[in-house]
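User: I would like to learn how to read the features of a model like this one. Please take them in turn, with the general idea before the particular case.

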Amino acid sequence: MTGGSRGIGAATATLLARQGQRVVIVDIAPEALAGTQTMLWPDAFDVASETGVVSAIAAIEAAHGPISGLVNAAGVFGKMHAAERVRMDNWDREINIDFCAAPFW
């Protein structure tokens, strides 16, 4: 579960765990969900970094077994600017997170 420490990701992770699913939460700023049966991956997980995602997936599967499902709940809400004021590096990062969360496997 990418983005599983907060917001919609945390709510979804909690619901899936209550339904008996084994849920491993990954997040760029990992925080455990108190009172749930979710598992927290302790390392920062940046869905915008292909190499980071690939290596983290291998480590997660080594620790917990094969991944059989994925919920991409990672997202970012950047500052609202007129299109001509958006810096390309900010645009690229937001697009990589919001539209391409963990597609690298």
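Analyst: Start with contacts along the chain. In this predicted model, residues 24 or more positions apart account for 43% of the contacts with a separation of 6 or more.

User: Which elements does the chain have, and in what order do they run from the N terminus on?

Analyst: There are three helices and two strands. From the N terminus on, they follow the order α-β-β-α-α.

User: What share of the 105 residues in the chain is buried?

Analyst: Buried residues make up 29% of the chain. The cut-off here is a relative accessible area under 20%.

User: How should I read a nonpolar core, and which residues make up the largest one?

Analyst: The general idea is that in soluble globular proteins, nonpolar side chains tend to be buried together. In this chain the largest nonpolar core has 10 residues: V24, V26, W41, F45, V47, V53, A56, I57, I60 and A74. Helix α2 gives the most to this core, with four residues. Another core, of seven residues, lies apart from it and includes M1, A13, I25 and L33.

User: Now the pockets. How are they found, and what volume does the largest pocket have?

Analyst: The general idea is that rolling a probe the size of a water molecule over the atoms shows where empty space is left. For the largest pocket, the volume is about 460 Å³. It is lined by 21 residues, and the closest to its centre are R22, V23, V24, I67 and G69.

User: How do the residues of that lining divide into nonpolar, polar and charged, and which helix gives the most to the lining?

Analyst: The lining of the largest pocket has 14 nonpolar residues, six polar and one charged. Helix α2, residues 50–64, gives the most, with three residues.

User: V23 is among the residues closest to the pocket centre. Where does V23 lie in the chain, and which residues does V23 touch?

Analyst: V23 lies in the loop between α1 (7–18) and β1 (24–25). With a relative accessibility of 5%, V23 counts as buried. Leaving out residues up to four places away in sequence, V23 touches M1, A13, L16, A17, T38 and M39.

User: How many salt bridges does the structure hold, and which side chains meet in them?

Analyst: There are two salt bridges. The side chains of R6 and D27 meet in one of them, at 2.6 Å, N to O. R6 lies in the segment before α1 and D27 in the loop between β1 and β2 (39–40), so this pair ties together parts that are 21 residues apart in sequence. The side chains of E31 and R6 also meet in a salt bridge, at 3.2 Å, N to O. E31 lies in the loop between β1 and β2, so the pair with R6 ties together parts that are 25 residues apart in sequence. Salt bridges that share partners join R6, D27 and E31 into one network.

User: One more residue, A73. Where does A73 lie, and what does A73 touch?

Analyst: A73 lies in the loop between α2 and α3 (88–98). A73 counts as partly exposed because its relative accessibility is 25%. Not counting residues up to four places away in sequence, A73 touches M1, T2, G3 and G9. A73 and I8 are 65 residues apart in sequence, yet 6.8 Å apart in space, C-alpha to C-alpha.

Note on methods: Residues numbered from 1 in each chain as written. Predicted model: local features only at pLDDT ≥ 70, side-chain atom pairs only at ≥ 80, totals over all residues. Heavy atoms only, no water. 1 Å grid on protein atoms, 1.4 Å probe; cavity = no way out; pocket = protein on both sides within 12 Å on 5 of 7 lines; lining within 4 Å. Points joined across faces, edges and corners; volume = space filled by probe spheres on them. Nonpolar A, V, L, I, M, F, W, Y, C, P; charged D, E, K, R; others polar. Buried < 20%, exposed > 50% of the residue type's maximum accessible area, 1.4 Å probe, protein only. Contact = heavy atoms within 4.5 Å. Salt bridge = Lys/Arg side-chain N within 4 Å of Asp/Glu carboxyl O. Core = buried A, V, L, I, M, F, W, Y, C linked by side-chain atoms within 4.5 Å.
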